[in-house]
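I opened my notebook to look up a few local features, one at a time. The entries follow in the order I made them.

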Amino acid sequence: SLYDPIKFSYDMKAFLHWKQLAVALRENSVNVETNHAIIQAELLELLSIISGSSKTINECSASWYECFIGHFLYQMPSKQLIPKYIDNALDVETYPKPIPGVEAWDSICVDLLKNKFLSVIASIEALDKSIGTFVAILIEAAGLLSTYSEEIGKDDAISKKQTNNSISASIDRMVEDLALTYLSNQELFPIGVGILINTGNSKSREILSEVLPTYEIKDSDDFEWVLSVCSQLKLSKTMATIQQIQGEKFFEKHLIPNALSCFAASHTSEKVVSTVWRLFEDTLIRGELDEELAVQLFESDFAKNNGLLRQCLSPLYVLNEIMKPGGLHNRTWTSRLLSLFDFRYLPSFYKAGLVVLLFENLNQNVFTLENLALIIEQFNRFESHINADSEAKLKCEALYKLMVENRSTRAYPLTFAQLLHTVRRGIAMDVSFTFLDDTQYQ
């Protein structure tokens, strides 16, 4: 009959029947005559072990776990007898014993077999924090830690509850410490986040609100994952912070539409405004806005549906329309130019760039007399402002210099002051010629 450890673990009658056969075989083997005495002695020793002889098992074991396994398998495979088998194995003097208090494999196994689960957890944690934490969670999930509260008297409900709470708090601390360890490693960061999310307590939420902005986002999948975590935990301020940080990174990489989308999504209006004005200034200096960039800025669904972004992009859109090739043939060209002059939020020194556009189109039969009257009004107001504001005047001069350096198609006045004088003369000439043309046909 074969030894069936699985069947014997739940069918004691089957084991006892098998053991009776093993004992009978041992007894019958004594009377066997053979010329090989050594082989017969070893065979009898083996039969004595499988028939459950404690003395033979003790004598033949080379370690405590061999002694323990021999008793458990062949004396009686019962969980209730494990403490007895362990004590017996540790009392045998013929082999080394585990040293109590030392975190080693055999001492941990002894504590486990003696149901000292907290000692097992502490020892494994000292060797490897990750494995120790996972073992603690598994032991708790199996309900094995309830033995500590069960040892307390039934009438002492308070002590039972305190014991359970203390053990649970200790395991929660281990889980939290492990998660924090993972959060310090970029590759393990998502695992740490997942652990803290699963704990579901307010402290974990607070920790995540602080560490999520530190995660190094490498691609769109990382970005979407971080935002989904913030959304799941309702961390709106953290989400805004991450979007702002990512917006700065996009801006550094010259991914302007992405940067603006992040700034707008985070409701960081000052970032959206400053970024758009930088684009506005760059467009004035370069003389054009990149066509692909214009499409991304003005035709994307996000720009159309986000009120903040749509509002901030409006002056840039108007400037882009003005500076498009063939824009002079558009009847709204002059009204768009005047609308920028009249835009109250336009930084005053940018109007120097508008004056350059005005200079480039004077004396070309572009403006009507009515438009010229409005231009004179805006021009006088602008000139009065910069004459009263020396800082604005210096910025105008710097912007004009940059614009001229990037334009080689025609001659420009040497200084900004000369530009103003030249434009005023050009306006006067346009008024004169337009007035003569209008009176000629009356």
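Where is glutamine 75 found? I located glutamine 75 in the loop between α5 (64-74) and α6 (82-91). I note that the model is a predicted one.

**Glutamine 75.** I looked up its accessibility next. Glutamine 75 counts as buried because its relative accessibility is 18%, and the cut-off for buried is under 20%. I then listed its contacts, leaving aside neighbours within four places in sequence: Phe15, Lys19, Gly52, Ser54, Gly70 and Tyr85. For glycine 52, I found the backbone oxygen 3.3 Å from a polar atom of the glutamine 75 side chain.

**Cysteines.** How many disulfides does the structure hold? I found 0 disulfides. I checked cysteine 60: the closest cysteine sulfur, in cysteine 67, is 10 Å from its own sulfur, which is too far for a bond. Cysteine 60 counts as partly exposed, at 30% relative accessibility. Cysteine 312 is in no disulfide either, and the nearest cysteine sulfur, that of cysteine 262, is 15 Å away. At 13% relative accessibility, I put cysteine 312 down as buried.

Which residues of α23 are buried? I listed Asn371, Leu372, Ile375, Gln378, Phe379, Phe382, Glu383 and Ile386. They lie on the same side of α23, because they cover an arc of only 135 degrees around the axis. On the other side of α23, I noted Glu370 and Ala388 as exposed.

Note on methods:
Residues are numbered from 1 along each chain as its sequence is written. This is a predicted model: local features need pLDDT of at least 70, side-chain atom pairs count only at pLDDT 80 or more; totals for chains, interfaces and linings use all residues. Side-chain values use heavy atoms; hydrogens and water are left out. Buried means under 20% relative accessible area, exposed over 50%, partly exposed in between (1.4 Å probe, protein chains only). Helices (H or I, at least four residues) and strands (E, at least two) are DSSP runs, numbered from the N terminus. The arc is that of the directions from the helix axis to the C-beta atoms. A disulfide is a pair of cysteine sulfur atoms within 2.5 Å. A polar contact is a pair of N or O atoms within 3.5 Å; within protein, one must be able to donate a hydrogen and the other to accept it, and residues adjacent in sequence count only if both atoms are side-chain atoms. Contact means heavy atoms within 4.5 Å.
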